[in-house]
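Thanks for sending this one over. Here are my notes, as numbered points you can follow with the model open beside you.

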Amino acid sequence: MLLLGCRSNPTFDTFTTLLPWGKQYAQVQPGIEYLWVSLDGRASVMALGERKLQPGKGHADVHEYWYTGQGEMLYLLNGRIQQAHGFISEWRAQTSSAPAWEDVRQSSREWPWQRQLDIMPGYRYGVVESVVLNRMQAPKRLPEGVTSQAQWVVETVNSKGHDGLEWWYLQKFALLNDRVVYSEQCLDKTLCLKMRPLGVMVTAP
């Protein structure tokens with residue numbers, strides 16, 4: 001998994017970034033909450049550094065900061081990637097108007113929304129992406145750890161690459177109790193991540 005960056009958080013320096021695909025994770029620490037991350041079939045985990053709950057419009061927004069021992073960071077807002085630092089493609093800042101998962105669960109309509117990103121490298125500031133959200137049927141083969149009770153949504157994203165050319169991609173989310181339990185999200189054409197919260201590691205594998 002190509003995760004590039006400097007060590008900026010010594011708390012996780014003992015945590016190994018590159019881990020084998022499958023159920024065996026090297027050097028994970030009991031008592032730490034982890035996020036499973038996969039890129040092109042290669043799996044790794046990130047450790048939770050901070051979680052904050054803030055009142056939103058009729059709901060509580062969940063802000064999570066996940067780290068590797070090499071300094072990469074994913075900031076997730078309600079399970080969506082809000083910022084990404086230390087990766088080969090970075091989202092330095094984002095403003096967005098994504099619908100709340102509670103509203104999505106109670107509605108069957110198509111839901112368009114937009115986000116504006118500051119992306120590196122290339123100093124691509126103010127990149128506007130148009131997103132259309134729809135409910136979808138669960139895949140026939142569920143990802144590991146996702147139950148049949150989960151509700152699924154898919155988003156069609158209209159963006160522009162670093163070459164200025166338009167490109168489209170899909171984002172998928174599995175929701176359980178209005179929380180994201182699995183997702184597929186892209187930072188760039190060549191950097192699409194699959195993610196699943198693992199919870200707190202009780203004992204080392």
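Is N177 buried or exposed? N177 is exposed, with a relative accessible area of 71%; here exposed means over 50% relative accessible area, buried under 20%, and partly exposed in between (1.4 Å probe, protein chains only).

1. A word on ground rules. This is a predicted model, in which local features need pLDDT of at least 70, side-chain atom pairs count only at pLDDT 80 or more, and totals for chains, interfaces and linings use all residues. Residues are numbered from 1 along each chain as its sequence is written, and side-chain values use heavy atoms, with hydrogens and water left out.

2. Back to N177. You will find N177 in the loop between β10 (166-176) and β11 (179-188); helices (H or I, at least four residues) and strands (E, at least two) are DSSP runs, numbered from the N terminus. N177 is not a glycine, yet its phi is positive, near 55°. For background, most residues other than glycine have a negative phi, and most peptide bonds are trans.

3. The loop between β7 and β8 deserves a look too. Y123 lies in this loop and has a positive phi of about 50°, although Y123 is not a glycine. At 60% relative accessibility, Y123 counts as exposed. P121 also has its place in the loop between β7 and β8 (124-136), and the peptide bond from M120 to P121 is cis, with omega near 0°.

4. Next, the cysteines. Taking a disulfide as a pair of cysteine sulfur atoms within 2.5 Å, the count comes to one. This disulfide joins C186 to C192, with an S to S distance of 2.0 Å. The torsion about the S-S bond of C186 and C192 is about 100°, so the disulfide is right-handed. C186 counts as buried at 5% relative accessibility, whereas C192 is partly exposed at 32%.

5. Now the interior. A nonpolar core here is a set of buried Ala, Val, Leu, Ile, Met, Phe, Trp, Tyr and Cys residues joined through side-chain atoms within 4.5 Å. The largest such core has 19 residues, of which L74, I81, L187 and L193 touch the most other members. Two or more residues of this core come from each of β1 (33-39), β2 (42-55), β4 (73-77), β5 (80-85), β7 (111-120) and β12 (191-200). A second, separate core has eight residues, including W101, V153, F173 and L175.

6. With neighbours within four places left aside, V181 is in contact with V146, A174, L175, L176, R196 and P197. V181 is found in strand β11, and its C-alpha atom is separated by 8.2 Å from that of G79, 102 residues apart along the chain.

7. Finally, a pocket. On a 1 Å grid over the protein atoms alone, a pocket is an open set of points where a 1.4 Å probe fits, with protein on both sides within 12 Å along at least five of seven lines, and lining residues have an atom within 4 Å of a point. The second largest pocket is lined by 18 residues, with H59, D61, A98, P99 and A100 nearest its centre. β5 gives the most to this lining, with three residues.

Technical notes. Contact means heavy atoms within 4.5 Å.
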